[in-house]
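Dear colleague,

Please find below the structure that I am handing over to you, with its sequence. My notes on what was found in it follow directly after.

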Amino acid sequence: MFGYVRPLQPELRVRDYDAYHAAYCGLCRALAKRYGFRSRFLVNYDMTFLFLVRASVRPAARTRNCFCPARFWRKKPCICDDGGYDRVSACTVILCYCKILDNIRDSGFWKGLGYRLLKLVYHRPWKKASKDAPEFADLVRAKLLALSELEAAQSPSLDATADAFAAIVSACADDLPDEAVRRPAQALLYQVGRHIYLCDALDDLAEDLRADGYNPLRYRFVPTQTGLQAEDLAYLGRLMDSSVNLAGAALSLLPVRQYGALLENIVYLGLPAVYTAVKTGRFRAKAKEFPRKENQP
Amino acid sequence: MNDPYEVLGVSRNASDSEIKKAYHDLVKKYHPDNYADNPLADLASEKMKQINEAYDSITKARAAGGTSYGSSSSGGYQYGSQQSASNSYSYGYGYQGSTGGSQYREVRSLLNSNRLDAAESMLNGMPNRDAEWYYLRGEIAFRRGWLDEAAQNYQMACSMQPGNIQYRSALQRVSGTYSPYRQTNYQQSSDLNDACNICNALLCLNCLCGGGGCGR
């Protein structure tokens, strides 16, 4: 469920591109610093966006060249903002651990073995993160339970199922003390969480139809054997556009000091581009090179 | 109070027209239409107030301080625009065309104070389900960010009362081609625009002259 929130790289300014990379590498560094080397592998684009939202209202932090184990022959610029990364890294570890548990439940014995191993590997970081953000860990558990109940009941509601995930993403901003920052941040993250969930549902639809798995789109609309009908897809596209509009309206109200242009790129260009790529099937085929090769918003 | 120039995002020695443009862009960005039925509407209205005050204080200071700015014309414009902005603002948040009884009015006041659960339970307790009922249900869903449910309820309200503009515009907002004013920082850069314009002009010239193999 990760990787759906990205900037549209061809439209980024070079300094925003550099800032995005420094934020990504900074998250990786912060994860390792707090939760050990193994947690470096949990770094992802979506959580980098979460950091950018939180850091946008903070004073600018220092960017330093730090050691990168993936490219050990040269140092990489990292944003060193421990205060900004604390909550984000705890949320990252908790969400990824829950994702592993979810995968164990969904997969069979042999495939599940790998996930069980991962669960062992990340159990200690998860325990530590749950201590760092106990209310977030509780909320994630409760919402994922609600989501699995909806799935078991084969709920046809896009909103109720997406709400469970969107509420988790928006709760990442629950600890912000200032109301004038917290409310727009929560509203923005809620719509982004919704976007992630619905993109994921659309991406998995063909597979779920084949394997007879649960997918909210399958029960909300009447799909063909391979995917949604054209008018349903158009309707879904309009809902996604409204989601982006609401996210943009919330972003405008965030009192940003930095990263404003980068966040606008992600919300106004990145989210629609990812949805379009998911719709046409290009996202799954070229997920890794997506932000670089995609030229059309 | 914050520095008015900072609020409008312009430098202290910006010209009158630059300030006017910045003010216009901000008014469009935080216009109540973009925050209709949005739980963040109060924050947007606060922001709008700050912008109006900042513009007001800059134009007043400039009118009083220097004759080089053409004080009379700028003052006149400022008054007019602020008047219209504040007018449309209160219009945006006031509910018009309410046909329901006292219960609907109560639901609306609960909605205005963002007490969505109370509004929903009150609505669910009503036996009579007319267009207004579906519209209000849609509004509750919209404020929660539940766009699919909002669209379905608005659709229902529209099919029961096709002539109602309020219902139609609500439906348009959630599942239509409605797009609010957007200004990204990428569009603001004049250098970039100039560069794009040059590229466009060159491309057009190239096409007109049959270059690039397009005509083959």
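The second largest pocket of this predicted model has a volume of about 1,300 Å³. Its lining is made up of 40 residues. Those that lie nearest the centre of the pocket are Val7(B), Leu26(B), Lys29(B), Tyr30(B) and Lys47(B). Several elements each give two or more residues to this lining, and they come from chain A as well as chain B. In chain A they are helix 9 (230-253) and helix 10 (260-280). In chain B they are helix 1 (4-8), helix 2 (16-29), helix 3 (41-65) and helix 10 (185-188). Which element supplies the largest share of the lining? That share, six residues, belongs to helix 2 of chain B. Sorted by class, the lining of this pocket holds 18 nonpolar residues, 11 polar residues and 11 charged residues.

Chain A as a whole

Along its principal axes, the C-alpha trace of chain A spans about 50 × 40 × 40 Å. A compact globule of 297 residues would have a radius of gyration near 19 Å, and the 19 Å found for chain A therefore agrees with that expectation.

Of the 297 residues in chain A, 56% count as buried. Chain A exposes about 13,500 Å², and carbon and sulfur atoms supply 54% of that area. Where contacts in chain A join residues at least 6 apart in sequence, 71% of them link residues at least 24 apart.

Chain B as a whole

Chain B has 11 helices and zero strands. Read along the sequence, its pattern is accordingly written α-α-α-α-α-α-α-α-α-α-α. Of the 216 residues of chain B, 40% count as buried. The accessible surface of chain B is about 11,900 Å², with 53% of it belonging to carbon and sulfur atoms. Among contacts in chain B between residues at least 6 apart in sequence, 57% join residues at least 24 apart.

Individual residues in the helices of chain A

Phe165(A) lies in helix 6 of chain A, which covers residues 158-171. Is Phe165(A) buried or exposed? Its relative accessible area is 8%, and because buried means under 20%, Phe165(A) counts as buried. The C-alpha atoms of Phe165(A) and Tyr190(A) are separated by 8.6 Å, and these residues are 25 places apart along the chain.

Ile168(A) is also found in helix 6 of chain A. With a relative accessible area of 1%, Ile168(A) is buried. Leaving aside residues up to four places away in sequence, Ile168(A) touches Leu95(A), Phe136(A), Leu139(A), Val140(A), Lys143(A) and Leu144(A). The C-alpha atoms of Ile168(A) and Val222(A), 54 residues apart along the chain, are separated by 29 Å.

Ala32(A) has its place in helix 1 of chain A, residues 14-35. Its relative accessibility is 16%, so Ala32(A) counts as buried. Not counting residues up to four places away in sequence, Ala32(A) touches Phe37(A) and Arg40(A). Between the C-alpha atoms of Ala32(A) and Ala285(A), which are 253 residues apart along the chain, the separation is 30 Å.

Backbone angles in two loops

Most residues other than glycine have a negative phi. Gln154(A) is not a glycine, yet it has a positive phi of about 50°. Gln154(A) is found in the loop between helix 5 (134-152) and helix 6 of chain A. With 42% relative accessibility, Gln154(A) counts as partly exposed.

In chain B, Asn114(B) has a positive phi near 60° and is likewise a residue other than glycine. Asn114(B) lies in the loop between helix 5 (102-112) and helix 6 (116-124) of chain B. Its relative accessible area is 33%, so Asn114(B) is partly exposed.

With kind regards

Terms used. Residues numbered from 1 in each chain as written. Chains lettered and ligands numbered in written order. Predicted model: local features only at pLDDT ≥ 70, side-chain atom pairs only at ≥ 80, totals over all residues. Heavy atoms only, no water. 1 Å grid on protein atoms, 1.4 Å probe; cavity = no way out; pocket = protein on both sides within 12 Å on 5 of 7 lines; lining within 4 Å. Points joined across faces, edges and corners; volume = space filled by probe spheres on them. Helix = DSSP H or I, 4+ residues; strand = E, 2+ residues; numbered from the N terminus. Nonpolar A, V, L, I, M, F, W, Y, C, P; charged D, E, K, R; others polar. Rg over C-alpha atoms; globule rule 2.2 N^0.38 Å. Buried < 20%, exposed > 50% of the residue type's maximum accessible area, 1.4 Å probe, protein only. Contact = heavy atoms within 4.5 Å. Areas by Shrake-Rupley, 256 points an atom, 1.4 Å probe, with all protein chains shown as cover.
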